[in-house]
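This report describes selected features of one protein model. Please keep the sequence and the structure in view while reading.

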Amino acid sequence: MKEMYLNDGRSPFDAELLAGSKTINTDWFGLVNRYSSFRNVDFDMSGGNDNTQFRLSASYMDQQATQKGNDFQTINFRLSLSHQIGSKFNVDVSIAPTFTNKKALNLYSNVPIIPNAPAYNADGSFFKFNNLGVPNPLAVLAQNVDEHTGGNITSNITMRYAFKKNVKLTNIFGINGLVNKQNIFDSPKNATGESKNGYAQIYDRLDFSWENSTVLNWNTTIKNNHNF
């Protein structure tokens, strides 16, 4: 750093002053990173009798990325149910909801931060890199927010009715829904939101769709060799 300022035309005194401390050696990589972890739990149960069969499954995943402030959790459920009513009517139901939570803070990992800059001031507040124009990544972790929460559901019901052996009616009704909310906050206490006196964004997304299909199937055989 001193050599850089000397090459930039600064005096030896200014270069020595601007180069910073000779005793501070901050491990920025170690402060903003961690050993990543991954956990996954699955559950499955099925059963039934001659008229009714079911299957219930669930899973939970928790993933912590190497960079702090970046996490992802998801919970999935799925229920499948099939029921026979008499000899003519059958119902199949499927429900599959998913819930997610994601944190994705940008810690400016691609910006080089000099190791002889302290992480904290003497009073315990976060040190500011006024000459770099980037925030202290520890301040971003403590003060900023970038979180996505939401879920979606896919569900359908299929009903089949046999009027006769060769005449069947099938109706399929399905829905798809998605809800997502993103909350972003750049704190005025660090360089990400200081010039804007703080900055917040909230995105809400809601999608819903449905579809219905009805099919009548009829088949017959004429003179043993003509199929319609």
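## Leu138 and its contacts

Leaving aside neighbours within four places in sequence, Leu138 is in contact (heavy atoms within 4.5 Å) with Trp28, Leu31, Val32, Ala119, Tyr120 and Phe126.

## Basis of the model

The model is predicted: local features need pLDDT of at least 70, side-chain atom pairs count only at pLDDT 80 or more, and totals for chains, interfaces and linings use all residues. Residues are numbered from 1 along each chain as its sequence is written, and side-chain values use heavy atoms, with hydrogens and water left out.

## The largest nonpolar core

Leu138 also belongs to the largest nonpolar core, which has 11 residues, among them Trp28, Val32, Ala119 and Phe129. Helix H3 (28-32) and helix H4 (137-143) each supply at least two residues of this core.

A nonpolar core is a set of buried Ala, Val, Leu, Ile, Met, Phe, Trp, Tyr and Cys residues joined through side-chain atoms within 4.5 Å. Buried means under 20% relative accessible area, exposed over 50%, and partly exposed in between (1.4 Å probe, protein chains only). Helices (H or I, at least four residues) and strands (E, at least two) are DSSP runs, numbered from the N terminus.

## The strand hairpin

Strands S1 (residues 37-48) and S2 (residues 52-64) run antiparallel and are joined by 12 bridges; two strands pair if DSSP finds at least two bridges between them. Three residues separate S1 and S2 in this hairpin. Gly48 has Gln53 in S2 as its bridge partner.

## Leu6

Leu6 is part of helix H1 (residues 2-7). Leu6 counts as partly exposed because its relative accessibility is 31%. Beyond four places in sequence, Leu6 touches Ser11, Pro12 and Ala15.
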